[in-house]
Amino acid sequence: MSETFTKGMARNIYYGGSLFFVLVFLALTYHTERTVPERTNSHLLTESVVRGKLVWEENNCIGCHSLLGEGAYFAPELGNVFVRRGGEEGFKFFLPAWMKAQPTNIPGRRQMPQFNLTDAQLDDLAEFLKWTSKINTNNWPPNKEG
Amino acid sequence: MSNNPYIKFTSQKVAMPYLVFALILFVGQILFGLIMGLQYIIGDFLFPLIPFNIARMVHTNLLIVWLLFGFMGAAYYLIPEEADRELHSPKLAMILFWIFATAGVLTILGYLFVPYAGLAQMTGNDLLPTMGREFLEQPLITKVGIVVVCLGFLYNVGMTVLKGRKTAINVVMMTGLIGLAVMFLFSFYNPDNLTRDKFYWWYVVHLWVEGVWELIMAAMLAYVLIKITGVDREVIEKWLYVIVAMALISGILGTGHHYFWIGAPTVWLWVGSIFSTLEPLPFFAMVLFAFNMINRRRREHPNKAAALWAMGTTVTAFLGAGVWGFLHTLAPVNYYTHGTQLTAAHGHLAFYGAYALIVMTLISYAMPKLRGLGEAADNKAQVLEMWGFWLMTISMVFITLFLSAAGVVQIWLQRMPEDGAALSFMATQDQLMIFYWFRLAAGVVFLVGLVCYLLSFRQRGRAALTTGVVAGHA
Ligand code: HEM
Ligand code: HEM
Ligand SMILES: [Fe+2]
């Protein structure tokens, strides 16, 4: 690098540039916080949804599945499973039946463990996945297969 | 402690257990990677003994923890030398080593032998739920342990820098390490609203690997380059500042490339796409940096392997983070690629190239000295070490290529078609088996490379006078 561009100048760009972009990032975080309640329907975020999120976390579902595209890629996306599997009429019946039928024990097929969830936990989990499916995700995923 | 003539300060020796333990955990990481590689093909392999989610947690958590051990070992090695004084407290460093190692091992055993929900109950996750989020699966008590270890560590190296010489390398390294600890605090913040949870989760994950960890990588690289090339410090440090400036200027707002589809506002589609497009720059600058400094070297350092790792880490990081990162970072592209095998391809080459390789670069430089072998290991050991480098690196490139191919086919079958025409996730996976077989084969070669690499540490005695090696290779 040329002699006229000194180490001191490089250091100042590092400090000045970083500080500036940290501030912009904080401003955008503020903007995000302001818009998230509407985009996520936070008025529908009930106690049951919150409990369902804890069931999701405490059974490490993210270790096989993705949720809004993040997580593992071993098993289907579940951000839109509510839409894919029955929606308003069917999902409440689909999910408990599904969870109770695991593992399928079909030889060679990927297996999902039996988590022994109670009916109340299954209900909360369904509420959580239903609420999640209504988040405004800028139309992701492209189709219902996720 | 010793009369080792190859290290400047006796206290640098505390780096040794950290670096050795890092490599032990690395072996564990790869074994669990192979288990998962097989589970991808034979779905019920080891089920229900080790379900996939458990293997994945062990694989990724071992990765993060061995890199942390590597960074800490690197800091204990290079910070005293740069500060030109002994480490503030070698004893504290050893105590923290045992705490961290014990906590790490117990956590992994917990994952393997206690059902995860039971582990959550046992460790009081209901009081402050932090578990069950990707990469941050550790029980609360482990997370607290990590913070305690980091604080003690930062105090120790921080005091060393404060009382000693404050070189640019030390300042950047310290900033990176402090940033690492500070960003980790967001792992304790888990809002009920999933969108907000995800939003701050990336404060840890993205601002680590595309933020503060880049400072650590660049500082470690600069240190090794000064040592093996003898190029003027002023020149090296100017490069260092330019690289870290680029890293943070692009990387902070680049976080937006994770905010496209999680419920965050649309402004991120633009901010994330534009700034993350700049993120390859610091990685490219590191390639230029390493090759330029090595071409302009003022001395023939006998450790040829260290130079290979140093160049290798910059090129592989540029490919994995820069090229493969850019490939899927623009919002209209990411709309289709998000959360597919393409993501896994990028994650592997980026983590390996940037962080696994920079730690092994430092190990390559420091270990012969720490072990009292000399400025470098003998020729035979170096050859084996370089075999390890090439086997691991080439097989990781192939893993990346096979996963990328799987990702493209997955997108084609599952993502692009309309509702009704699109194949389901599971049906798509069946179509990808051939790629998963190839990935597994490449993974086995990776393991062979790792074994070669570890065997290179078998040399016991001092190297024959190292000038011989220089003459042979110069
Ligand atoms: C023998 C070699 C390896 C094999 C077979 C392997 C296999 C795997 C598999 C199957 C996954 C889970 C993907 C999923 O969620 O569906 C995974 C995740 C991961 N592995 Fe490896 N791995 C190997 C080596 C490595 C190495 C050397 C690194 C880094 C230095 C690494 C870093 C990661 C990371 C960061 C993830 C999470 C990826 C993401 O979330 O996108 N792996 N690996
Ligand atoms: C050494 C630096 C980097 C590392 C270690 C790294 C690692 C990773 C990992 C592990 C993931 C998957 C996270 C998850 O599990 O959800 C990821 C995602 C991603 N990375 Fe990187 N990355 C690096 C640099 C970059 C750069 C420089 C770019 C852009 C130019 C980039 C673009 C992306 C994008 C767009 C995603 C999201 C993929 C998706 O939508 O599924 N990364 N990265
Ligand atoms: Fe990122």
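Mentor: A:Asn105 counts as exposed because its relative accessibility is 57%, where exposed means over 50% relative accessible area, buried under 20% and partly exposed in between (1.4 Å probe, protein chains only). The model is predicted, and local features are considered at pLDDT of at least 70, side-chain atom pairs at pLDDT 80 or more, and totals for chains, interfaces and linings over all residues. Residues are numbered from 1 along each chain as its sequence is written, chains are lettered from A and ligands numbered from 1 in the order in which they are written, and side-chain values use heavy atoms, with hydrogens and water left out.

The backbone at A:Asn105 has a positive phi of about 60°, although the residue is not a glycine, and its place is in the loop between α4 (87-100) and α5 of chain A; helices here are DSSP runs of H or I with at least four residues, numbered from the N terminus. A:Asn138 likewise is not a glycine and has a positive phi, of about 55°, but this residue sits in the segment after α5 of chain A and is buried, with a relative accessible area of 16%. The segment after α5 (119-133) of chain A also holds A:Pro141, which is joined to A:Trp140 by a cis peptide bond with omega of about -5°. In chain B, a cis peptide bond with omega of about 5° joins B:Phe47 and B:Pro48, and B:Pro48 is placed in the loop between α1 and α2 of that chain.

Several polar contacts, pairs of N or O atoms within 3.5 Å, can be listed: the side chain of B:Tyr40 places an N or O atom 2.4 Å from an oxygen atom of ligand 1, the side chain of B:Glu134 has an N or O atom 2.8 Å from an oxygen atom of the ligand, and a polar side-chain atom of B:His59 is 2.8 Å from a nitrogen atom of ligand 1.

B:His59 is buried at 11% relative accessible area, whereas B:His348 is partly exposed at 28%.

Ligand 2 is likewise surrounded by residues from chains A and B, so its site is shared between chains. Of the 27 residues around ligand 2, B:Glu134, B:His338, B:Gly339, B:Thr343 and B:His346 come nearest. B:Glu134 has a side-chain N or O atom 2.8 Å from an oxygen atom of ligand 2, B:Gly339 places a backbone N or O atom 2.8 Å from an oxygen atom of the ligand, and a polar side-chain atom of B:His346 lies 2.8 Å from a nitrogen atom of ligand 2. Helices α7 (194-229), α10 (280-295), α11 (304-327) and α13 of chain B each give two or more residues to this shell, and the largest share, seven residues, comes from α13(B).

The iron atom of ligand 2 is separated by 4.2 Å from the iron ion (ligand 3). This ion is coordinated by B:His206 (ND1), B:Glu210 (OE), B:Glu210 (OE), B:His257 (NE2) and B:His258 (NE2), at 2.1 to 2.7 Å, and along the chain its donors follow the spacing H-x3-E-x46-H-H. B:His206 and B:Glu210 both belong to helix α7 of chain B, where they stand four residues apart, about one turn of the helix. B:His206 is buried with a relative accessible area of 0%, and B:Glu210 is buried with 13%.

Conventions:
A polar contact is a pair of N or O atoms within 3.5 Å; within protein, one must be able to donate a hydrogen and the other to accept it, and residues adjacent in sequence count only if both atoms are side-chain atoms. A residue is near a molecule or strand if one of its heavy atoms lies within 4 Å of it. Donors are N, O and S atoms within 2.8 Å of the metal (3.2 Å for Na, K and Ca); water is not among the atoms, so sites may look incomplete.
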